[in-house]
Amino acid sequence: MNFTFKVLVAAAVFATSFAVGAQTIFSTNGYSTGEPLEKPMVMKPFVEFSKARQLPALRIFTLEGEKVDLSKYQGKLLILNVWGTWCTPCIREIPQLIDLQKQLTGSNIEIVGVAVDKSVAGTPKFLAKHKMSEFNTWSDPTESMEDVMPLEVVPTNYIIDGAGNLVGYLPGYLPWDDKDVMPFLKKLAQKYAHPKTN
């Protein structure tokens with residue numbers, strides 16, 4: 001097999017996997033989200049979709065092994081923070097996310113971590129070791145989050161509306177303790193916790 005043919009085969013495999021993994025992000029069957037929200041500087045990496053995307057069936061679990069039913073979060077803005085124990089920026093932001101989760105208790109905004117480590121058993125041990133057991137997190141051992149859209153960087157945050165649709169994402173590390181984060185999250189919740197889908 002010559003070099004050129006190998007390159008062509010590799011490119012075809014990549015294109016196919018990208019197309020399958022990205023089917024949600026590029027689908028157009030969702031509702032129009034209208035005018036995008038004005039973002040503060042700290043939220044510049046946030047991408048708000050012009051059309052909401054229906055989520056595929058995700059295979060995510062609690063750390064106790066129970067399958068997560070996202071329909072229980074209807075009427076809430078759900079932020080899924082995809083992270084890994086090997087990811088230094090993820091570990092930096094988890095304490096900030098813990099504080100933010102506490103501040104949001106009783107609100108219509110939920111922040112949940114989704115660990116993509118292969119070993120589910122290692123996640124609670126890791127969190128305990130780093131004194132971060134309070135972090136509300138699930139696990140995605142089969143990397144089903146890749147079915148939503150290709151994970152180019154970890155951490156990545158998926159923004160899910162109150163009807164279970166993907167409405168945006170935020171790639172990379174974010175200083176969640178910045179003063180402009182909370183007001184922006186409240187604007188997102190106001191727009192998306194009970195989305196106008198018609």
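Close-up 1. With a relative accessibility of 1%, Asn157 counts as buried, where buried means under 20% relative accessible area, exposed means over 50%, and partly exposed lies in between (1.4 Å probe, protein chains only). The model shown is predicted, so local features need pLDDT of at least 70 and side-chain atom pairs count only at pLDDT 80 or more, whereas totals for chains, interfaces and linings use all residues. Residues are numbered from 1 along each chain as its sequence is written, and side-chain values use heavy atoms, with hydrogens and water left out. Asn157 belongs to strand β6, residues 156–160; helices (H or I, at least four residues) and strands (E, at least two) are DSSP runs, numbered from the N terminus. Its side chain makes a polar contact of 2.7 Å with the side chain of Asn81, a polar contact being a pair of N or O atoms within 3.5 Å, of which, within protein, one must be able to donate a hydrogen and the other to accept it, and for which residues adjacent in sequence count only if both atoms are side-chain atoms. Leaving aside residues up to four places away in sequence, Asn157 touches Ile79, Leu80, Asn81, Gly168, Tyr169, Leu170, Gly172 and Trp176, where contact means heavy atoms within 4.5 Å.

Close-up 2. Strands β3 and β4 run parallel and are joined by seven bridges, two strands being paired if DSSP finds at least two bridges between them. Leu77 has Ile109 as its bridge partner in β4. The chain crosses from β3 through α2 to β4 in a right-handed β-α-β crossover, that is, one in which, with the strands pointing away from the viewer, the path from the first strand over the helix to the second runs clockwise. Strands β4 and β5 also run parallel, with three bridges between them, and the bridge partner of Gly113 in β5 is Thr137. The β-α-β crossover from β4 through α3 to β5 is likewise right-handed.

Close-up 3. In α3, residues 122–129, the buried residues are Thr123, Phe126 and Leu127. These cover an arc of only 95 degrees around the axis, which puts them on the same side of α3; the arc is that of the directions from the helix axis to the C-beta atoms. The buried residues of α3 pack against β3 (77–83), α2 (88–103), β4 (109–115) and β5 (137–139), while Lys125 and Lys129, on the other side of α3, are exposed. Lys131, which follows α3, has a positive phi, near 55 degrees.

**Close-up 4. Leu100 in helix α2.** Leu100 lies in α2 and, at 3% relative accessibility, counts as buried. Residues up to four places away in sequence not being counted, Leu100 touches Ile111, Trp176, Val181, Met182 and Leu185. The C-alpha atoms of Leu100 and Asp177 are separated by 7.5 Å, although these residues are 77 residues apart along the chain.

**Close-up 5. The disulfide of Cys87 and Cys90.** The structure holds one disulfide, defined as a pair of cysteine sulfur atoms within 2.5 Å, and it joins Cys87 to Cys90 with an S to S distance of 2.2 Å. The torsion about the S-S bond of Cys87 and Cys90 is about 80 degrees, so the disulfide is right-handed. Cys87 is buried, with a relative accessible area of 4%, and Cys90, at 1% relative accessibility, also counts as buried.
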